[in-house]
Amino acid sequence: MAVAKSKVGSKSAPAAGRKPAAIKSAKPTASAKAPAAPLEFSREEDLAAYREMLLIRRFEEKAGQMYGMGLIHGFCHLYIGQEAVVVGMQMAIRTGEDQVITGYRDHGHMLATGMDAKGVMAELTGRRHGYSHGKGGSMHMFSIEKQFFGGHGIVGAQVSLGTGLAFANRYRKNDNVTLTYFGDGAANQGQVYESFNMAELWKLPVIYIIENNRYAMGTSVSRSSAQTDFSKRGLSFNIPGEQVDGMDIRAVKEAGERAVAWCRAGNGPYILEMQTYRYRGHSMSDPAKYRSKDEVQKMRTEHDPIEQVRVRLLDKGWASEEDLKKIDADIREIVNQSADFAQNDPEPDASELWTDIVK
Amino acid sequence: MPIDILMPALSPTMEEGTLSKWLKKEGDTVKSGDVIAEIETDKATMEVEAIDEGTIAKLLIPEGTENVKVNTPIAIIAADGEDATAAAAAPAPAKDVSGVHEAAKNGSGESGSAPAVAAAAPAAPVSVVVASDPAIPAGTEFVSMTVREALRDAMAEEMRRDGDVFIIGEEVAEYQGAYKITQGLLQEFSAERVIDTPITEHGFAGLATGAALAGLKPIVEFMTFNFAMQAIDQIINSAAKTLYMSGGQLGASIVFRGPNGAAARVGAQHSQDYTSWYSHIPGLKVVAPFTAADAKGLLKAAIRDPNPVIFLENEILYGHSFDVPKLDDFVLPIGKARIHKTGKDVTIVSFGIGMTYAIKAIDELAAQGIDVELIDLRTIRPMDIETVIESVKKTGRCVTVEEGWPQNSIGSDIASQLMEKAFDYLDAPVLKVTGKDVPMPYAANLEKLALPSVADVIAAVKAVTYR
């Protein structure tokens, strides 16, 4: 039996019959402390969730390592800690039909949509067979096949763009929905609210997923936001919103399914505030002195999204330590292969400088 | 003292209008606030209220009269106690308001020290040499139409042709366009494809770019490009760069269009030429047509183009009429200049409203024995510099004309390219005629001084020809 943590909005939220709890603070809430646990996953779902999240974790760890070795340069924003958000949401949509768009902390989103780890890692190293032929980098990769629309480096820009992807769905009269991810920092940009207004006005099928990892670079939510409950940010546009425990993949998927159903039915946009946490700095060059080591350690030990699934799998006897080690080894192999590929793939041909400027 | 009622200017750029209906007749008494007539401009039908009180002594302009110039006396009012018949007979002293409206004709501006230039009436059809356009077959019939009509026809034709094309912007649908460019489109294509937005330039430019990334072909109308400055991040960072950043996987087929540059007497924030701004950006195409034919043929090409195209129009040119080829599907190539007039002594390169100054200058220069070759760039990016170089090889001299500011102007770039690619052919330095390096002032005299003038063009041509 699941209860949405909080819902706001003038409309009755789609989870009929459930009693909305009082709105909580923006502090991530462990599932154990939640008023009611979300719907349990099946064995297959938990195993898939474990695998997908672990792929992102190991991939990002490797990317961080390669950055330290000087193989990856420039900006590199790691997704470690937030894996449940994107994997849970992907479980709620139709991959390859529903669109996904996000900001610059985007490697996890790419892997979750099924983009190839080799192509992503080779883009990070700026090589020929990277998704953008080495011309995009960490923040700029795309896949039409997976309906992944980037990868955008201007904070908040993807919110208007994602609203436009949803506009295209409505224009074409299909029932696809668009997942538009952005952070607590981007949530203060003006164009976010311009987009909210048009999305509700035109009933566009877009889910605004605010990944609240509590810090916009070095500025905590409480230092930057007058309204720290991001699920309420659509209130004046009549957009319903919920706060979700973004560290519990079951809660994410369940809220995601509610939001997807709302959008597919033609009710317009929906806001999901995912309360999550990034373990690493904002980017590789961020010493993260704005928070204590204890705070990070507490999140890692008490709320880690992957550990939660691991414990469940073991407790329920759905997997043995050996089974999980095997999965771990498989994932490490995929990641190592991507790293090898990304180091050995040649740089783009010099002629690439002059291609793809205009069609 | 009888009072003249003058044809009012009902918009910053109105020069003439149709007196569509009189609501008062001779002998009627009027008081301040009474609606006395309806006047149709190129943008809207407006009611005219009386300011003075008295009796209508005479209606000077019959209803239904077209092309009544602003400030033409249209009626005479006799004040209370005056003999209306006598008032009608006596010539009324004209109110001196000419200075106020002079700046509206900023295309005809010339400074006091300039030689007299025969300024054509701005709205009169301009004879255009389009024969140099290989896209137009010999023997094609031409019809006269305004730039405004040409732009609308281009959009309507492309929307009929391709269901993925839609128009989005402020007041494009119900209002029929702030400048009436989208007139009738809502009725033909419905609100699904002609979409009024909130006043949200940044948001709707991003939304439209997102729709383009998804494969639709939006036409984004900015009420003016001054407001597109709010949206310029989406235009440049999202629309222009995505093709490159995605390694060619994903691009945006999108047109951003609207009036650019100075209108008339609208002040600094509403009078800016963005041509050089956008022409700086790889990934964008930038088109700035002058004639109605070019507006039509190039807008159709822009809509079909798989890239983001900045389509810079000009409010003052909207009402100008030109000959447009009567062809079922008239599409011009983006990136090709048009030789407006051939000549041997000096090359003038211009585009958009800059052409109005150049055209007026070349007649005067011809009278002084200087034979100008006038090139209309039409597309600013990619620029057809080859046509300019070929012309300069012949003339050895070049003057550029534009309304934008001088630093990093289009003329600056042409001068630089000629230095690199045609230095040995130059017999004189390349000179630029531009707007002055100041925010646009409001006062009529200052605005006139801030814009380039026909005299500036003539002076520059004389300088490079050492005359």
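Chain B holds an open sheet of 7 strands, and reading across it gives the order β11-β10-β12-β13-β15-β14-β20, with mixed pairing. At the edges sit β11 (194-196) and β20 (379-381) of chain B, each of which pairs on one side only. Going from one strand to the next, the twist averages 20 degrees. All of this is read from a predicted model.

Inside that order, β13 and β15 are worth a look. Strand β13 (residues 254-259) of chain B runs parallel to strand β15 (residues 308-313) of chain B, and 6 bridges join the two. To pick out one pairing, B:V255 has B:V309 in β15(B) as its bridge partner.

Next come the domains. The assignment for chain B lists domain 1 (3-86), domain 2 (142-325) and domain 3 (337-464). Taken over C-alpha atoms, the centres of domain 1 and domain 3 of chain B are 42 Å apart. A pair of residues gives another distance: B:K58 and B:R381 are separated by 323 residues in sequence and by 56 Å in space, C-alpha to C-alpha. B:K58 itself belongs to strand β6 (residues 54-59) of chain B. Is B:K58 buried, exposed or partly exposed? It counts as partly exposed because 19 C-beta neighbours lie inside 10 Å, while a buried residue would need 20 or more.

Now for a pair of helices. Two packed helices are described by the angle between their axes and the distance between the axes. Helix α11 (residues 385-395) and helix α12 (residues 410-422) of chain B pack at about 65 degrees, and their axes are 11 Å apart. The crossing of α11(B) past α12(B) is right-handed. On the α11(B) side the contact uses B:I385, B:V388, B:I389, B:V392 and B:K393, and α12(B) brings B:I414, B:Q417, B:L418, B:K421 and B:A422. Sorted by class, this contact of α11(B) with α12(B) has 7 nonpolar, 1 polar and 2 charged residues.

Finally, there is the meeting of the two chains. Here 35 residues of chain B are in contact with 31 residues of chain A. Which elements of chain B give two or more residues to the side that touches chain A? They are α5 (201-213), α6 (232-240) and α7 (242-245) of chain B. Of these, α5(B) gives the most, with 10 residues. By class, the side of chain B that touches chain A is made up of 15 nonpolar, 18 polar and 2 charged residues.

Definitions and conventions. Residues are numbered from 1 along each chain as its sequence is written. Chains are lettered from A and ligands numbered from 1 in the order in which they are written. This is a predicted model: local features need pLDDT of at least 70, side-chain atom pairs count only at pLDDT 80 or more; totals for chains, interfaces and linings use all residues. Two residues are in contact if their C-beta atoms, placed from the backbone, lie within 7 Å. Helices (H or I, at least four residues) and strands (E, at least two) are DSSP runs, numbered from the N terminus. Ala, Val, Leu, Ile, Met, Phe, Trp, Tyr, Cys and Pro count as nonpolar, Asp, Glu, Lys and Arg as charged, and the others, Gly among them, as polar. Domain bounds come from an automatic or database domain assignment. Two strands pair if DSSP finds at least two bridges between them. Axes are lines fitted to C-alpha atoms, for helices over the stretch in contact, and angles run from 0 to 180 degrees between N-to-C directions. A crossing is left-handed if the near helix is turned anticlockwise from the far one by less than a right angle, and right-handed if clockwise. A residue is buried if 20 or more other C-beta atoms lie within 10 Å of its own, exposed if 12 or fewer, and partly exposed in between; C-beta atoms are placed from the backbone.
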